[in-house]
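Q: I've got this one open on my screen and would like a close look at a single part of it. Could you walk me through the first chain, and then one residue inside it?

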Amino acid sequence: MKTVLIGIGNEFRGDDAVGRILVRRLAALELPGLEIRESSGECFSLMELWTDAERVILVDALQSGSAPGTIRRIDASTESIPADLVQQCSTHSLSLLEAVEMARALEKLPPEVLIYGIEGHRFEPGEELSPEVAQAVDEAFEQIQRECVIAHE
Amino acid sequence: MSEKEIRTIKVDYLARVEGEGAMHVKIKDGKVDDVKLKIFEPPRFFEAFLQGRRFEEAPDITARICGICPVAYQMSACHAMENGAGVRVEGAIRELRRLLYCGEWIESHGLHVFMLHAPDFLGYDSAIEMAKDHRELVQMGLRLKKIGNDIGIVLGGREIHPVNVKVGGFYKAPRKRDFLKLVEDLKWGIEAAEKTIQWCAGLPFPDFDQEYEFVSLRHPDEYPMSEGRIVSNHGLDIDVSEYEEHFEEEHVPYTNALHSVLKERGSYFVGPMARFNLNFDKLSPRAQAAAKAAGLDGQCLNPFKSIIVRAVELLYAFEEALRVLENYERPEVPAIEVDPSGKTGFGATEAPRGILYHRYGVLGNGDIRDAKIVPPTSQNQKTIERDLYRFVPQYIDLPDDELQWHCEQAIRNYDPCISCATHFLKIHREEVS
């Protein structure tokens with residue numbers, strides 16, 4: 001089963017980089033059957049990245065009001081993304097969540113869709129993660145790695 | 001006055017426009033009392049921080065003003081610098097620029113027609129809702145838009161904020177074979193754009209023909225993109241360098257974007273409808289025929305029908321891009337030398353939403369002394385408000401939610417780009433000792 005792991009975010013905006021940092025660490029493991037990609041999160045190009053996948057795992061920073069570093073695992077395969085995570089964003093560039101729902105509407109969503117969200121704290125310009133988020137990276141790394149291995153088995 | 005006689009239609013956060021804006025319509029005694037398009041996105045001070053930067057940096061810095069029309073900023077900046085230097089970019093480099101601009105029109109119009117504007121006509125809250133019922137249509141729209149992005153990737157180096165544009169031309173000119181894949185896509189795009197025009201023509205439009213002063217570029221030989229004189233249907237016909245003699249910007253207290261007006265006549269209208277009405281004769285025969293078949297015989301005065309005009313421009317852009325590719329011969333050098341040091345340069349090009357004006361004063365050492373940028377949305381703001389003033393009385397008997405729906409649609413007729421409009425609020429500093 002082909003799994004595509006996509007890290008989303010802007011690597012120059014503090015905690016927004018956490019998705020990219022995580023998938024780069026996972027890339028170093030060279031797990032079989034796993035393709036790693038990165039994205040700015042722009043809706044339409046994101047939809048292109050998973051067209052050939054049977055399973056997609058998306059890793060992104062969250063801004064939902066939870067404690068910084070909180071890890072959320074959302075199975076979006078069959079159900080819509082929880083309303084508290086759907087935010088109003090700039091509408092010339094739709095978000096990850098809208099990309100998932102648009103793909104679902106067009107029947108272009110892979111059979112399995114998992115989203116790992118790590119609650120961020122600081123999104124200002126800079127290349128450092130805040131301590132809570134940096135701490136969450138290790139745990140999220142373990143969890144996502146298990147998902148990837150299970151997927152291959 | 002009792003409260004019952006005052007009715008307020010308010011949208012605190014406009015959806016499906018680029019950036020952050022709000023709409024406020026106040027109706028008193030059955031008459032429109034006040035209309036405000038409020039742009040509350042903070043100003044971005046691009047003109048100020050261009051000061052002291054090298055003239056070569058202007059295309060890349062100003063491209064950052066917008067993620068949807070970066071090519072327009074790059075083109076206006078390049079043309080302004082070349083105008084200052086007294087040189088012209090010709091031949092294959094000029095053709096490549098036109099191709100890049102076609103890509104941006106395709107991407108921007110594709111997005112607006114299918115994702116932002118169409119849901120208004122069909123009664124959906126979003127393109128996602130619409131996609132559930134109109135899957136094939138939305139897929140066609142996404143593919144159309146993607147071809148625009150692909151032109152940006154091949155020629156610009158990446159799809160958003162291209163890195164290959166420089167004053168005088170490009171850093172690297174693609175080989176003819178780099179474009180091979182695009183040829184088939186463009187041929188498909190021509191057919192798809194034609195279908196799009198037919199589909200748009202069948203949408204339900206409110207009766208709303210209006211008198212406007214349309215302003216666009218006009219070029220003797222082509223549908224305008226990067227060059228031409230600035231003309232209007234009320235007799236304006238000026239060189240780009242005369243822009244500031246005829247247009248001025250006003251501060252308005254409730255918005256962070258300046259309102260641009262014609263000094264003599266006030267509000268005016270830029271963008272696809274203006275280009276179409278002033279340059280119908282320069283469209284390709286196929287685009288002209290498709291427009292006529294859609295009921296637009298060289299003129300469109302109903303802004304709700306701008307969706308048809310955008311589709312016509314989509315068709316033209318696909319045809320034009322294909323023409324450039326089929327005739328393309330790689331230029332010997334990808335750019336010419338340009339030195340505007342000590343000069344002032346003016347540039348205006350046709351961004352997807354209309355005229356984008358740049359003026360730069362350049363010091364003798366090549367640093368930028370001052371900059372002025374007037375984006376299309378600020379030029380259309382007054383016209384958008386005027387439309388609401390006239391539209392609301394016609395539909396005043398509708399319930400609030402329906403009236404609000406139509407008012408939002410009336411704003412989206414202009415595809416406003418609020419992020420573009422807010423970067424030029426000026427700070428007046430008073431020094432007190």
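A: Let's start with the layout: chain A has four helices and five strands, where helices (H or I, at least four residues) and strands (E, at least two) are DSSP runs numbered from the N terminus. Read from the N terminus on, those elements go β-α-β-α-β-β-α-β-α. Chain A has a radius of gyration of 14 Å, close to the 15 Å from the globule rule for 153 residues, so it is as compact as a globular protein of that length. That radius is taken over C-alpha atoms, and the rule is 2.2 Å times the number of residues to the power 0.38. The C-alpha trace of chain A spans about 35 × 35 × 20 Å along its principal axes.

A word on what you're looking at. This is a predicted model, in which local features need pLDDT of at least 70 and side-chain atom pairs count only at pLDDT 80 or more, while totals for chains, interfaces and linings use all residues. Residues are numbered from 1 along each chain as its sequence is written, and chains are lettered from A and ligands numbered from 1 in the order in which they are written.

Now for the inside of the chain. As for contacts, two residues count as touching if their C-beta atoms, placed from the backbone, lie within 7 Å. Among the contacts in chain A with a separation of 6 or more, 78% link residues 24 or more positions apart.

You'll find Arg20(A) in helix 1 of chain A, which covers residues 18-27. Arg20(A) counts as buried because 21 other C-beta atoms lie within 10 Å. Setting aside neighbours within four places in sequence, Arg20(A) is in contact with Gly7(A), Gly9(A), Glu11(A) and Glu38(A).

Technical notes:
A residue is buried if 20 or more other C-beta atoms lie within 10 Å of its own, exposed if 12 or fewer, and partly exposed in between; C-beta atoms are placed from the backbone.
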